[in-house]
Amino acid sequence: MSIVQRTSLQAIPAYKQGATPGQGEKAFKLSSNENPYPPLESVMSGMAAELGTINQYPNAAAPELIGALASRLDVEAQCIALGAGSVEVAGQLIHGTANPGDEVIFAWRSFEAYPILAHVAGATPVMVPSDADGGHDLVAMAEAITERTALIFICNPNNPTGTVVDTASVDAFMAKVPAHVLVVIDEAYVHFNTDADSAVGLDFFRRYPNVAVLHTFSKAYGLAGLRIGYAVAPPQVAANLRKTAVPFGVSALAQRAAVLSLEHEDELQLRINELIQARETLQNALHAADINVIDSQANFIWLPTGAATEDVDTQLRAAGIWARAFAGEGIRISIGSPEANHAIASAVINALQEASTHA
């Protein structure tokens with residue numbers, strides 16, 4: 001006799017981590033949007049003091065980090081809720097707002113964890129096709145709202161396409177959203193966004209009572225392995241997030257690293273600027289070669305390779321570029337080290353030329 005299982009899990013795909021090259025293989029892992037730089041020396045040295053206390057549970061209230069974030073963002077401390085990365089906080093948001101059968105709306109393609117998190121929470125994911133440029137079709141998303149809608153994700157910049165939504169479009173969208181529906185602006189890649197017209201999550205949080213914002217320390221701050229992110233949300237929503245959070249889910253080491261990173265943001269910004277410049281240089285090189293690449297405001301680029309995706313991905317791996325391929329849609333390539341970025345341009349150009357030859 002088999003053990004009783006939750007039957008609905010059979011229909012839920014497991015989250016797929018970015019592919020990793022084999023040990024000893026000369027290749028660049030550019031599949032997970034990781035920061036290619038290690039944490040700052042000042043951050044790592046400050047974290048060392050925490051190692052002697054890892055036999056103890058962390059302070060779940062995280063007063064030092066919550067206080068630092070509240071001061072940095074100019075929001076009330078009660079509006080901040082932490083989690084093991086922004087993806088875990090996204091799950092908290094669904095669990096805290098959606099009852100079984102309620103609907104969670106988001107663009108597609110967007111962050112692939114959204115439908116998984118919705119299914120796990122017993123909610124129904126509503127995937128609204130992206131527009132022709134790989135961006136959010138906010139008009140269609142507004143039309144998808146029903147009496148069962150509990151929560152809406154806007155991923156800005158969008159993962160995996162790197163597109164952004166502008167302020168005017170989000171304002172027009174908010175005018176159509178019922179006041180009881182929570183709109184979550186997921187800004188995991190906000191530090192790389194230089195678009196002056198882009199919507200700013202905190203601005204909308206301050207202007208609308210049904211907006212929450214997601215941020216992470218994984219990308220720009222380079223703390224992906226420590227798993228720490230947070231939401232800025234209306235007080236009652238933030239309180240519900242704390243109820244649905246895994247107890248002690250954010251380690252003391254992660255909390256300390258985040259505080260130190262906030263203290264050294266000027267130094268970190270220099271690295272962010274380097275990654276932005278590398279992204280622009282790479283995109284310009286691909287445009288110059290007549291490669292169809294969507295302009296990105298994140299720390300990755302998106303190639304809409306469609307039916308040729310598998311062939312192009314195979315060619316890229318042969319050239320040492322391990323990217324994230326979405327079958328039949330496109331390929332996302334993270335910005336990496338200078339050596340990796342130099343290799344990306346020639347590999348992409350060669351792969352797409354090869355694909356077009358066999359088309």
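Which strands does helix α8 lie across? In this predicted model, local features need pLDDT of at least 70, side-chain atom pairs count only at pLDDT 80 or more, and totals for chains, interfaces and linings use all residues. Residues are numbered from 1 along each chain as its sequence is written, and side-chain values use heavy atoms, with hydrogens and water left out.

The helix lies across β2, β6 and β8, and it runs at about 25° to β2. Here helices (H or I, at least four residues) and strands (E, at least two) are DSSP runs, numbered from the N terminus. Angles run from 0 to 180 degrees between N-to-C directions, with axes fitted as lines to C-alpha atoms, for helices over the stretch in contact; contact means heavy atoms within 4.5 Å.

Now for the helix itself. Within α8 (residues 235-244), V237, A238 and L241 are buried. Down the axis of α8, the buried residues fall within an arc of 100°, so they line one face of the helix; the arc is that of the directions from the helix axis to the C-beta atoms. Q236 and K243 are exposed, on the face of α8 turned away from its buried side. Buried means under 20% relative accessible area, exposed over 50%, and partly exposed in between (1.4 Å probe, protein chains only). The cover over the buried residues of α8 includes β2 (80-83), α3 (86-97), β6 (182-186) and β8 (229-232).

As for the sheet, seven strands form an open one in the order β2-β8-β7-β6-β5-β3-β4, with mixed pairing. Its edge strands, β2 and β4 (124-129), each pair on one side only; two strands pair if DSSP finds at least two bridges between them. Further in, β5 (residues 149-155) and β6 run parallel, joined by five bridges, and F153 has V184 in β6 as its bridge partner.
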